[in-house]
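The following note concerns charged side chains and how they pair. Please read the points alongside the sequence and the model.

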Amino acid sequence: MLADISGKNAVLRALTVYNDGFALIKETRKLPEFPADGVLRYLDVAQRIETESILVEGLDIREMNYEYDLVDKNKLLEKYIGRELTIVDPESGKRMRYRLLSVANGMVVEDLETGEIVLDPDGQVRLPELPGGLILTPALVWHAAPSGSDEVRVSYLTQGMSWETDYVISLPAESAGEEMFSLTGWMTLRNESGMTYEDAVLRVLAGEVHRAEEPDRFILYSAVEEQGMPEHESFADYHLYTIPGTVTIKDSQQKQIRLIGAEGATGRTIYEAGPYDRNPAIYFEFDNIEAAGLGFPLPQGTVKFYRNNPSDGSAEFVGEDRLGHTAKGEKVRLRLGSAFDITVDSGLTSSRKEGRYDLESYMYAIRNAKDVPVTVIIRHPVHERHWDIAESDHPAERKFGEVLIPVRVLANSEEVVRFTLRIDRSVTIAGEEE
C-alpha cells in the first residue's frame, strides 16, 4: 500500500520564477506514517517537471520514479481491451454486458449474451474500476528509508512558468522642457506548468540565467517575507523581487501583480532626425536616478505611453517600446513614434576640394507646426575615418561617427542649420598616403 504525501499537507511552498520560461519550486510537506515497504508517493507535482533537478531533504531515498501516465478516455479504454465493461442504454436504462475488442477506430465490442460484434454502441460506458498503472496526477514514487524527520523538503525546476514586466508611463499634456510623469510596472506571470500552487511565497528573478543542455541541479532558499510592498534585493549578479504575503497561482492562468511604482519622476521628449528622415523620430528619455524620482533596477519589459489630452483630460495612447534590463544610474531611451507636425528637409548643398581635404556642406531645414517650441537633435552619420567639423552655424559635436546638433525651433516656425565637414580621404592604413 503506497503512502501518499499530498500537496494538501504542505506547510511551506515557495516559487522563484525566471524570465526564461522556468521556475524553481520549493516545498516542505508533512510525512505520513512511514510504510513497512518503504514506498511513498509524492503527489501534486508539476507535469513539466525537470526530473533531473529534484532535490529531496528529510528522507533517505534509494530509488526515485516519476509516474505521469495520467487518466484520460483513450487510455482508460485501451487498458480495458479484452475485458468486460457495461454500457447503459440512455433511454431505457438497460445495462448491457460487452467485451471490449478495439478502440483504434471507434469502439468495437462483443455482446456477451449473443456473441454478436457491435460497432460504436450507443450508451454510457461504465468501467468497474480504475485500471492499474493510471494515476490522476503526476507523482514521484520513492523507495526510501526513514530518517527520523516528520517533514520532507523537495525542490525542483519546472518548465512552463515565465514572467515579464509591463510598464505604463503617464505623461502630462504636451509641454516644452522637462516633464513630470508616473511609472507603473506590472509583473505578468504565466503558469503553464500543469500544476496549481496554492498559498505560495512568490519571487521573480530579473536577469538572464545560463542553462546547460542538460538541466543543472541547484537550489535556492527563500523565507516567507513580511507583508508590505514588493521587496527588491540584489542576488549574485541578478535582482530578486519578493511579492508580499502568499499568492495562489492556478494552472493555465495569467496573473498580474504591481511590482514597481513611481510618481513625480522627470523626463524629457526628444526629437531626432537623420539625413533620410522626413519626420523626426520621437524618443522619451529619463535618468534612472533618485534625483529624477527613480533610482532602482528596472526589469526588461514593454513600456506603453499615455499622454493627457488637455481638451477633456482623458489619456490617449501615444506609443510603446521595449525596455531592456536597466540598472540604477543608467539612462533610459524609448521610442514612441514619428512626429506628424515636424518636418525636415536635408541634403548636400556643396562639395569642393582644398588641398588634401574634401569639404562637404549640408543643410537641414526644420519646420515646427506645433503650438509649443521643440528641440530637434540632428544625427548626421559620417562614414569616413578621418574627418572633423570645419564650421557650423549651430553648436555641433562630433560623437563617434556622427555629427550631433541640437536645434531649438520655436512654435510655428522654421530653423535652418548649415554645417561643413572637412574629410581627409588621402589617409589610408597606418598613416600611409596615396
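1. Asp-358 is buried, because its relative accessibility of 13% lies under the 20% cut-off. The model is a predicted one, and this assignment should be read accordingly.

2. The partner of Asp-358 is Arg-425, the two side chains forming a salt bridge with an N to O distance of 2.7 Å. Asp-358 belongs to strand 26, whereas Arg-425 lies in the segment after strand 31; the pair thus links distant parts of the chain, 67 residues apart. Arg-425 is partly exposed, at a relative accessible area of 32%.

3. A further salt bridge joins Arg-356 to Asp-424, at 3.0 Å from N to O. Asp-424 is buried, with a relative accessible area of 10%, while Arg-356 is partly exposed at 36%.

4. Arg-379 and Glu-272 also form a salt bridge, their closest N and O atoms lying 2.9 Å apart. This pair connects strand 27 (residues 374-381), which holds Arg-379, with strand 20 (residues 253-273), which holds Glu-272; the two residues are 107 residues apart. Glu-272 counts as buried at 6% relative accessibility, and Arg-379 as partly exposed at 26%.

5. As to the total, the structure holds 28 salt bridges.

Definitions and conventions: Residues numbered from 1 in each chain as written. Predicted model: local features only at pLDDT ≥ 70, side-chain atom pairs only at ≥ 80, totals over all residues. Heavy atoms only, no water. Salt bridge = Lys/Arg side-chain N within 4 Å of Asp/Glu carboxyl O. Helix = DSSP H or I, 4+ residues; strand = E, 2+ residues; numbered from the N terminus. Buried < 20%, exposed > 50% of the residue type's maximum accessible area, 1.4 Å probe, protein only.
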